[in-house]
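Have the structure open while you read.

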Amino acid sequence: MKIEIDEKSGFCYGVVSAISKADELIACGKRVYSLGDIVHNDLEVARLAANGVQTIDHAALGALEPTPNTTVLIRAHGEPKSTYATLEGRGLEFVDATCPVVAKLQKLTIEADRQMRQVGGTVIILGKKGHAEVVGLNGQIENRATVVEKVADLEGIDFTKPIFLLSQTTQSLALFAEVRDEVLARSANPQDVVVRDTICRQVAGREEHLRAFARSCDMVVFVCGHKSSNGKVLFQTCHEANPRSIKIESPDELRAAMFEGVEHVGICGATSTPHWLMEKVEQTIKKLTNTL
């Protein structure tokens, strides 16, 4: 059996940077508190926790006492303005690991809101409601944007007024195109609709590559955390290209019977999937199929 790990799968730049900063802080003797899971992968979060990175929520942040060795890490997803106000108000040291692509989008969201308020229009963000990045984006503008997850969510939008359409960086290009076309079709004045494709190309660019990779294999094992939004999108891409695709979070989910009659297994993952985990999946498959 041939077992192949997709060379382009794994952490994106923003996640690599955030985890590197956490590791560096720990190495310097800091007590690091990550505001939310640093990455949507429970096994990588567990590895970081074993090294001393503690995950806290916003409620715990309000009770955190500032000390010389305490540092709060803002993860790659970014945070709303209110979080920075809390950190500064409590005198807490923090390191901002917001992904540069997300930080740029936050600035664009502020500008979009400024423009729409001048003309009584609406800012629409295509994204997963409650997702950390979306919360951070809408939190830049006092939650004045309307968040939509699908075309059906456009009901209730006043299409007689101007619209500024943005997207969470990890959304599907196909879904963004679908929502964009629907907004333009419903708008009373399409010339008053501003569309900004803000999907990260490091993420979106993987879709076509994954289609080709999935088609080249008899079976695909897609590895990602259950909470990974990007993982859901990329797995769907794999499954459409190769119906014999399965999604797992841990190698423990694998069974020998899954690989009966398979000659070529492809292993790939989301932008939140560590490479060491894909390698562990590879070793598990070898043990299960006696190909060590």
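## Ground rules

A pocket is found on a 1 Å grid over the protein atoms alone: an open set of points where a 1.4 Å probe fits, with protein on both sides within 12 Å along at least five of seven lines, and its lining residues have an atom within 4 Å of a point. Grid points are joined across faces, edges and corners, and a volume is the space filled by probe spheres set on the points.

The model is predicted, so local features need pLDDT of at least 70 and side-chain atom pairs count only at pLDDT 80 or more, while totals for chains, interfaces and linings use all residues. Residues are numbered from 1 along each chain as its sequence is written, and side-chain values use heavy atoms, with hydrogens and water left out.

## The largest pocket

The largest pocket comes out at about 300 Å³. It has 23 lining residues, and C12, V15, H77, T170 and T271 sit closest to its centre. On class, the lining has ten nonpolar residues, twelve polar and one charged. The nonpolar set is Ala, Val, Leu, Ile, Met, Phe, Trp, Tyr, Cys and Pro, the charged set is Asp, Glu, Lys and Arg, and the others, Gly among them, count as polar.

Which helices supply at least two residues each of this lining? Those are α1 (13–27), α5 (100–119), α8 (201–215) and α9 (229–241). Of these, α1 gives the most, with three residues. Helices (H or I, at least four residues) and strands (E, at least two) are DSSP runs, numbered from the N terminus.

Of its 14 lining residues, R75, G130, H131, A132 and V135 are the closest to the centre. Helix α6 (residues 132–138) gives the most to this lining, with three residues.

Axes are lines fitted to C-alpha atoms (for helices, over the stretch in contact), and angles run from 0 to 180 degrees between N-to-C directions. Strand β4 (residues 70–74) is joined to β5 by three bridges, and L73 has V95 as its bridge partner in β5. Contact means heavy atoms within 4.5 Å.

The other open sheet also has four strands and parallel pairing, in the order β1-β12-β10-β11. Its edge strands are β1 (2–5) and β11 (245–248), and neighbouring strands are turned by 20° on average, direction ignored. Five bridges pair β10 (residues 219–223) with β12 (residues 264–269), and V220 stands opposite G266 in β12.

## α8 against α9

The axes of α8 and α9 come within 8 Å and cross at roughly 30°. The crossing is right-handed, that is, the near helix is turned clockwise from the far one by less than a right angle. On the α8 side the contact residues are V203, R206, E207, L210, R211, A214 and R215, and α9 brings N230, V233, L234, T237, C238 and A241. By class, this contact has seven nonpolar, two polar and four charged residues.

Key
Pairing = 2+ DSSP bridges.
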